[in-house]
Amino acid sequence: MSRMRATEIPTGKKQVSFDLQGKIAGLAVVVMAAGLGKRMRSKQAKVLHRVAGQAMVLYSVGLGLRVAGDRVAVVVGHQADLVRQVIDRATSGMSGEAAIAIVEQREQLGTGHAVLQSRPVFAVGKRGAPSNYLILNGDTPLLQESTVRELLRVHRENHATVTVLTAVLEDASGYGRVVRAHSPGRGVSRIVEDRDANAEERAIREINVGTYVVDGEFLFSALEKLDPSNAQGEYYLTDIIHLAAEQGRPVAAVVLDNPDEGLGVNTRRQLAEAEQVVRQQIRERWLDAGVTMIDPASTWVDATVTIGKDTVLYPNVTLEGTTAIGEDCVLRSSTRLTNCIVGNGVEILDHCLFTDSHIEDDAHLGPFVHLRPGVVVRKKAKVGNFVEMKKTDLGEGSKANHLSYLGDATIGKGVNIGAGTITCNYDGARKFQTVIGDGVFLGSDTQLIAPVTVGARAIIAAGTTVTEDVPEDALVIARVAQVNRAGWAARRRALQVGVDRETTATRLTKKQPLVSKGKQAKKRK
Ligand code: UD1
Ligand code: CA
């Protein structure tokens, strides 16, 4: 790979079989995710903080699953149950994946101690011990799979015992520094943590990213030998490098060409930095895949979203969670979709907010539509200005174009929902269903008092309050009959001034409520 330089140190050792695209036989993964992350100043465990909508730990776990031919262990500790849940939820849909084993580190005694907790997962069983371990920090979300594969390639090429990923930074403060030998090869001799470093070591700008490949036979025997006599009183994983070098074992290193990728998130500032970088990577990925973004900088796409070819995203579109958009869609400005499935050829106009909903091909929505969880908008259906829907299935080609609330409803094909239609689905205690058959015409300002069923092809006159089921093909009118009184309005206007004066005076003296005004006016007439 051209983006990195490898540094060496060869000796003879065993071979691992590599498949550069898929999983690597004999490779196990350990993800360290037990720390609290004090420097985040948060109630939430650091690895649960999200980058581009995805908990940080899932970047490392996902990467591990993509490369590991053997087991993947995740070491949890702080908020162990929550971290476990997040991992379970993210990986539950995956079929035939290498099993993830979650192990607990009850006390956070350091990264070396964390990895040691995973030992039982890899105890020799049917499969035998892993040939190599890939060890990942849970707080390096920018790390790329191609880099990890390069690290493995270099490890194999050099028959190394440990191979470490490094980066050269302008400001290396906070990171472990890579101390290299003075001998010609300049091999890595040890890593010194920021807090243990002397002035000379602090001046080193090559840092440890926190990604390692370690020989299967060496790892746990080395971890057993760790000594916590350092500034933090912790068992440092990084000390295994010194142990290997001391024993004359080969230690190799890969230096990142793009140091951004090595960012370790310890603070909110670094979290914000990671967010910017990941967002940009995601945008570039979808642009490369054939998605048009009118203004990429204001287009926000979560890590877990997918978008089809020739879809056009206008400024300020936000796509979150498990949202999947089809091909040839247009999403106009200031629209946010969370966990939505959108078919092909869908047009969504400006200022829409959709959550946990499903929109089929060629549907047309917006502007100003609110879809709350559980909505299905079928093919070629139209949902227009100021319509709110919840747990509602709007049938193929049906239209709800203006100012409606549709909740807990099943609506058939080719239905017209008149402006201002309301499903009255809630009686103050419980929710009820509304069912509307195919081809129904609901006039404007219809109220449907649920539970209620309207039969196919029925016509509901404007302003009707539907309280009972309607048979198929019926016409329903339920509203007060109209009364016209000739000249009444003019007479009322003529009286208006006097009435107002008298009413105000009466209210001031007798404290009568203003509602009596109409009655008084009538009496006078
Ligand atoms: C670590 C490295 C440092 C490197 C840096 C890169 C060590 C001793 N230091 O430092 O050389 O430059 O990462 O970002 O490894 N964790 C546990 N259990 C623990 C302690 C930590 O699971 O007892 C986990 C954390 O949740 C985190 C990871 O290990 O995901 C790294 O821990 P952190 O405290 O962030 O280490 P750094 O000080 O950044
Ligand atoms: Ca860190």
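A polar contact here is a pair of N or O atoms within 3.5 Å; within protein, one must be able to donate a hydrogen and the other to accept it, and residues adjacent in sequence count only if both atoms are side-chain atoms. Keep that in mind for the ligand stop below.

This is a predicted model: local features need pLDDT of at least 70, side-chain atom pairs count only at pLDDT 80 or more, and totals for chains, interfaces and linings use all residues. Residues are numbered from 1 along each chain as its sequence is written, chains are lettered from A and ligands numbered from 1 in the order in which they are written, and side-chain values use heavy atoms, with hydrogens and water left out.

**Whole chain**

Start with the protein chain as a cartoon. The secondary structure comes to 10 helices and 38 strands. These are DSSP runs, numbered from the N terminus: helices are H or I with at least four residues, strands E with at least two. Of the 525 residues, 48% count as buried. Buried means under 20% relative accessible area, exposed over 50%, and partly exposed in between (1.4 Å probe, protein chains only). The chain exposes about 25,100 Å², and carbon and sulfur atoms supply 51% of that. Areas come from the Shrake-Rupley method with a 1.4 Å probe; for residues, only the protein chains shown count as cover. Contact means heavy atoms within 4.5 Å. Among contacts between residues at least 6 apart in sequence, 46% join residues at least 24 apart.

**Ligand 1**

Select ligand 1 and its shell. The shell holds 24 residues, and Met32, Gln105, Thr111, Glu193 and Asn208 come nearest. A residue is near if one of its heavy atoms lies within 4 Å. Strand S2 (27–33), helix H3 (111–116) and strand S11 (206–215) each supply at least two shell residues.

Next, show the polar pairs. A polar side-chain atom of Glu193 is 2.7 Å from an oxygen atom of ligand 1. A polar backbone atom of Gly110 lies 2.8 Å from a ligand 1 oxygen. For Asp139, a side-chain N or O atom sits 3.1 Å from an oxygen of ligand 1. Taken alone, ligand 1 exposes 750 Å², of which the protein buries 92%.

**Calcium ion**

Stay on Asp139 and bring up ligand 2, the calcium ion. Its protein donors are Asp139 (OD) and Asn266 (OD1), at 2.3 to 2.4 Å. Asp139 is in the loop between strand S7 (132–137) and helix H4 (145–157), Asn266 in the loop between strand S12 (251–256) and helix H8 (268–288); the two are 127 residues apart. Donors are N, O and S atoms within 2.8 Å of the metal (3.2 Å for Na, K and Ca); water is not among the atoms, so the site may look incomplete. Asp139 counts as buried because its relative accessibility is 9%. Asn266 is buried too, at 12%.

Select Asp70, between helix H1 (56–67) and strand S5 (72–76). Asp70 is buried, at 6%. Its side chain makes a 2.6 Å polar contact with that of Arg71.

Go to Pro296, between strand S13 (292–293) and strand S14 (300–301). Pro296 is partly exposed, at 27%. Leaving out residues up to four places away in sequence, Pro296 touches Arg283 and Leu287.

Finish at Thr446, between strand S33 (441–442) and strand S34 (447–449). Thr446 is buried, at 0%. The side chain of Thr446 reaches the backbone oxygen of Gly443 at 2.6 Å.
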